[in-house]
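Colleague: I have the sequence and the picture open, and I would like to go through the packing and then some single residues. Shall we begin?

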Amino acid sequence: MTRQRATILEIIRKQPVHYTAEEIYEIAKTRHPGMSFATVYNNLHALERDEMIRRITAEDGSSRYDRSFAP
């Protein structure tokens with residue numbers, strides 16, 4: 001697992017809220033200043049595919065990410 005992917009997973013696992021990709025990006029870039037939004041977006045999809053997180057749709061229609069499936 002790359003450092004960037006591990007950071008994204010940690011952000012999702014350690015908070016009781018469901019962040020959007022943009023919110024995750026804002027937090028992640030403080031730890032990895034060179035990280036792009038595309039990197040966050042692609043890693044979110046990979047983590048979802050690998051069933052480490054899940055994407056949920058909020059009432060406002062936005063995609064948010066949940067730590068379910070994660071031990």
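Colleague: How are α1 and α3 oriented to each other, roughly parallel or roughly perpendicular?

Modeller: This is a predicted model, where local features need pLDDT of at least 70, side-chain atom pairs count only at pLDDT 80 or more, and totals for chains, interfaces and linings use all residues. Residues are numbered from 1 along each chain as its sequence is written, and side-chain values use heavy atoms, with hydrogens and water left out. The axes of α1 and α3 are 10 Å apart at an angle of about 70°; axes are lines fitted to C-alpha atoms, for helices over the stretch in contact, and angles run from 0 to 180 degrees between N-to-C directions. Angles under 35 degrees count as roughly parallel, over 145 as roughly antiparallel, 65 to 115 as roughly perpendicular and the rest as oblique, so α1 and α3 are roughly perpendicular.

Colleague: How do the residues of the contact of α1 with α3 divide into nonpolar, polar and charged?

Modeller: Contact means heavy atoms within 4.5 Å. On the α1 side are Gln4, Arg5, Ile8, Leu9 and Ile12, and on the α3 side Thr39, Val40, Asn43, Leu44, Ala46 and Leu47. Ala, Val, Leu, Ile, Met, Phe, Trp, Tyr, Cys and Pro count as nonpolar, Asp, Glu, Lys and Arg as charged, and the others, Gly among them, as polar. The contact of α1 with α3 then divides into seven nonpolar, three polar and one charged.

Colleague: What is the handedness of the crossing of α1 and α2?

Modeller: α1 and α2 pack at about 125°, with axes 10 Å apart, and that angle makes α1 oblique to α2. A crossing is left-handed if the near helix is turned anticlockwise from the far one by less than a right angle, and right-handed if clockwise. For α1 and α2 the crossing is right-handed.

Colleague: Which residues of α1 and α2 make the contact?

Modeller: Six nonpolar, one polar and two charged residues make up the contact of α1 with α2. From α1 come Thr7, Ile8, Glu10, Ile11 and Ile12, and from α2 come Ile24, Ile27, Ala28 and Arg31.

Colleague: Is threonine 7 buried or exposed?

Modeller: Threonine 7 sits in helix α1, residues 3–14; helices (H or I, at least four residues) and strands (E, at least two) are DSSP runs, numbered from the N terminus. Leaving aside residues up to four places away in sequence, threonine 7 touches Ala28, Arg31 and His32. Buried means under 20% relative accessible area, exposed over 50%, partly exposed in between (1.4 Å probe, protein chains only). With 8% relative accessibility, threonine 7 is therefore buried.

Colleague: Where does the pair of tyrosine 25 and phenylalanine 37 lie in the chain?

Modeller: Rings of Phe, Tyr and Trp (its six-membered ring) pair if their centres lie within 6.5 Å; planes under 30 degrees apart count as stacked, over 60 as edge-to-face and the rest as tilted. By this rule there are two aromatic pairs. Tyrosine 25 and phenylalanine 37 form an edge-to-face pair, 5.7 Å centre to centre with 90° between the planes. The two residues are 12 apart and link distant parts of the chain: tyrosine 25 in helix α2 (residues 21–31) and phenylalanine 37 in helix α3 (residues 37–49).

Colleague: Which residues form one aromatic cluster?

Modeller: Tyrosine 25 is buried at 19% relative accessibility, whereas phenylalanine 37 is partly exposed at 31%. The cluster consists of Tyr25, Phe37 and Tyr41.

Colleague: How do the residues of the contact of α2 with α3 divide?

Modeller: α2 and α3 pack at about 120°, with axes 9 Å apart, and are therefore oblique. The contact joins Ala21, Glu22, Ile24, Tyr25 and Ala28 of α2 to Phe37, Val40 and Leu44 of α3. These divide into seven nonpolar, no polar and one charged.

Colleague: Is threonine 20 buried or exposed?

Modeller: Threonine 20 is placed in the loop between α1 and α2. Not counting residues up to four places away in sequence, threonine 20 touches Ser62, Ser63, Arg64 and Tyr65. Its relative accessible area is 10%, so threonine 20 is buried.

Colleague: What phi does glutamate 51 have?

Modeller: Glutamate 51 lies in the loop between α3 and β1 (54–57). At a relative accessible area of 51%, glutamate 51 is exposed. Although not a glycine, glutamate 51 has a positive phi of about 60°.
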